[in-house]
Amino acid sequence: MSEASAPHAADRRELTAAQRNAVAELLRVSPVADELGRRFADAGHELHLVGGSVRDALLGRLGDDLDFCTDAHPDQTLRIVKGWAESIWETGREFGTIGCQRDGLRLEITTYRAEAYDQVSRNPVVEYGTSLTEDLRRRDFTINAMAVSLPAHRFTDPHGGLDDLAARVIRTPGTPAESFGDDPLRMLRAARFAAQLRFAVHPDVRAAMTSMAADLDRITAERIRDEFTKLLCGADPITGLRLLVDTGLADRFLPELTGLKLEIDEHAQHKDVYEHTLTVVANAVSYETDGCDFVLRMAALMHDVGKPATKAVGSDGRVSFHHHEVVGARLTKARMKAMRYPKDVTAQVVKLVGLHLRFYGYGRGEWTDSAVRRYVTDAGDLLARLHKLTRSDCTTRNRRKAAALAADYDALEERIARIAAEEDLARVRPDLDGNAIMELLGVPPGPIVGRAWKHLKELRLERGPLDRDEAEAELLRWAREEGVGG
């Protein structure tokens, strides 16, 4: 069955299920994979399905992106797939990878690797290997170090990946120190796989992550960002986030998260703001309806990062964090910029962090229709996410208080719906456009028109829609007070 030792008796039932999953998944892709394997064999080369593709096949979740390894060099691979593949790309050629597509499957074929690192550079120096065993040993984790030969379907597992898959544990083929010394990003990948697969990290791996956390500084911000995004979008991001904090990895690229452990939540529902934050992230995940919403999850993670800098203790001993949403928005923007997130994604997360407290106080009956309009207008196209974030932020264990908050937010949403039905809240604009303003005031395009437009929009938010006569009268009144007009 495997080059690895026989599975433990207790694992046999699980391994049999895993193997059944693999057979079903491989049969689905076999027409293409086996045909490709025969082409390599005819050319005198080996081809193996490898890594994450084998792992996912065993888990019954193989996708349409398949990874292969081979003893053929890129030029030889190109000759083998030309005329067979529907399209070919060479973007990974410098790393020994040739990509192609066939029958709806994306195939990436990489020459056996024996990478060399100088322990300082941020990227590996690629050296081609000569054997499958050598290639599998250089891989990050045992569950990613299995291979299936094509077209023979011979299973190779020299490091016990199948046993680790059954035990749901993340372990390295060699020593963790050796693996992480080669590529420190693997420490972050361990946390990412824990979040994605709901696997435990082996104690030896965890110890190495802790002792070598500072080595993550060798890795570029972009590579860290990509792994962290996958972690946060995992099935169990809380496990991954705890690993980052407990091992010290978070200190290297997201210190605001660790900093929350020091702050006590003013409502005293939780041990600290850190625990509250993890609960809010979990709540946000529960509100998703169509896969991972990274913007929502990141806003939930960062919503209280302004608390450490704004903590104050009153004369009565109560703790407050006044304006922490403002400080938090600023810190979030700086951190996401440092991690090289796109500006549009960063702007959305920052806006949600800045708005996450706006709802509180609604239940006291102080909100006018004007306040509701401003809430909707300020949120813009993030309103649905703001609803989810605000509800996620309610983590009180007091059932009566939780029910009251939920009822208040239900009432706000119903009120928004009512006003939206009466007015076009999605596109709140002044009752007069720029052309009408210029015509009434007798002014050309310029700053005066902008100021008049802004005044009319504020009026629209405050009072709701005005008819044409009222809008014109208000514009002329404003113009007299400002001393403008023709």
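Biologist: Let us begin with one side chain: what is the relative accessible area of Cys 233, and how is Cys 233 classed?

Modeller: This is a predicted model, in which local features need pLDDT of at least 70, side-chain atom pairs count only at pLDDT 80 or more, and totals for chains, interfaces and linings use all residues. Residues are numbered from 1 along each chain as its sequence is written, and side-chain values use heavy atoms, with hydrogens and water left out. Buried means under 20% relative accessible area, exposed over 50%, and partly exposed in between (1.4 Å probe, protein chains only). Cys 233, with 28%, is partly exposed. Cys 292 is also partly exposed, at 30%, as is Cys 394 at 23%, whereas Cys 69 is buried at 0%. Over the 486 residues of the protein, 51% count as buried.

Biologist: How many disulfides does the model contain, and which residues form a disulfide?

Modeller: A disulfide is a covalent bond between the sulfur atoms of two cysteines. The rule applied here is a pair of cysteine sulfur atoms within 2.5 Å. By this rule there is one disulfide: Cys 233 is joined to Cys 292, with 2.0 Å between the sulfur atoms. The torsion about this S-S bond is about -60 degrees, so the disulfide is left-handed.

Biologist: At what angle do H9 and H10 pack?

Modeller: Axes are lines fitted to C-alpha atoms, for helices over the stretch in contact, and angles run from 0 to 180 degrees between N-to-C directions. Under 35 degrees counts as roughly parallel, over 145 as roughly antiparallel, 65 to 115 as roughly perpendicular, and the rest as oblique. The axes of H9 and H10 are 8 Å apart, at an angle of about 135 degrees, which makes H9 oblique to H10. In contact (heavy atoms within 4.5 Å) are Phe 228, Leu 231 and Leu 232 of H9 with Pro 237, Gly 240, Leu 241 and Leu 244 of H10.

Biologist: How do helix H7 and helix H10 cross?

Modeller: The axes of H7 (residues 185-197) and H10 (residues 237-247) come within 7 Å and cross at roughly 155 degrees, so the two helices are roughly antiparallel. Leu 188, Ala 191, Ala 194 and Ala 195 of H7 meet H10 residues Pro 237, Thr 239, Gly 240, Leu 243 and Leu 244.

Biologist: Finally, which backbone torsions deserve a look?

Modeller: The peptide bond from Leu 150 to Pro 151 is cis, with omega near 10 degrees, and Pro 151 is in the loop between strand E6 (147-149) and strand E7 (155-156). Asp 103, a residue other than glycine, has a positive phi near 50 degrees; Asp 103 lies in the loop between strand E4 (97-102) and strand E5 (105-111) and is exposed at 51% relative accessibility. Arg 168, likewise not a glycine, has a positive phi of about 60 degrees and is partly exposed at 36%.

Methods
Helices (H or I, at least four residues) and strands (E, at least two) are DSSP runs, numbered from the N terminus.
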